[in-house]
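Welcome to a short tour. Have your viewer ready and your selection tool at hand.

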Amino acid sequence: MKTSLTISIRCLAAVVGGYFVASLSSLALVPVQLALFKLTVEDAILIATMLSYVVFFVVFIDCFCQGSALKAWRNILVYNGILASICWYSGGVL
């Protein structure tokens with residue numbers, strides 16, 4: 001595969017996939033924080049939103065650390081699956 005195509009696929013995975021993982025993490029971290037730390041709902045939402053930026057950058061970096069673009073997409077699907085299951089079982093929005 002061409003190098004420019006590989007980089008383009010990784011950029012797409014980093015930006016689009018990172019956005020989906022970050023948005024799901026902000027949804028999944030609210031009930032986790034409410035259960036573990038006994039925070040108010042407003043504080044849990046604020047902290048989850050701030051942490052979603054960190055999650056986005058970690059996923060962005062992870063996409064370029066993988067050996068192939070396929071592994072980057074696989075990791076994004078795994079992260080989304082884990083976060084979606086947390087949302088589902090905690091009675092979240094999903």
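Leaving aside its neighbours within four places in sequence, which residues is Val59 in contact with? Select Val59 and you will find Gly18, Val21, Ile76 and Tyr79, where contact means heavy atoms within 4.5 Å.

Before going further, a word on what is on screen. This is a predicted model, in which local features need pLDDT of at least 70 and side-chain atom pairs count only at pLDDT 80 or more, while totals for chains, interfaces and linings use all residues. Residues are numbered from 1 along each chain as its sequence is written, and side-chain values use heavy atoms, with hydrogens and water left out.

Now colour by pLDDT, the predictor's confidence in each residue, from 0 to 100. The chain has a mean of 92, and 96% of its residues reach 70 or more. Confidence is lowest in H1, at a mean of 93, and highest in H2, at 96. Helices here are DSSP runs (H or I, at least four residues), numbered from the N terminus.

Return to Val59, which sits in helix H2. Val59 is buried, with a relative accessible area of 4%; buried means under 20% relative accessible area, using a 1.4 Å probe and protein chains only. Draw a distance to Tyr79, 20 residues along the chain: the C-alpha atoms are separated by 9.1 Å.

Next, select the largest nonpolar core, 11 residues including Val59, Ala13, Val21, Cys63 and Ile76. Such a core is a set of buried Ala, Val, Leu, Ile, Met, Phe, Trp, Tyr and Cys residues joined through side-chain atoms within 4.5 Å. Helices H1 (3-37), H2 (41-65) and H3 (69-89) each give two or more residues to this core, and H1 brings the largest share, 5 residues.

Finish at Ala13, which touches Gly18, Cys63, Trp73 and Ile76, not counting residues up to four places away in sequence.

Key
Buried means under 20% relative accessible area, exposed over 50%, partly exposed in between (1.4 Å probe, protein chains only).
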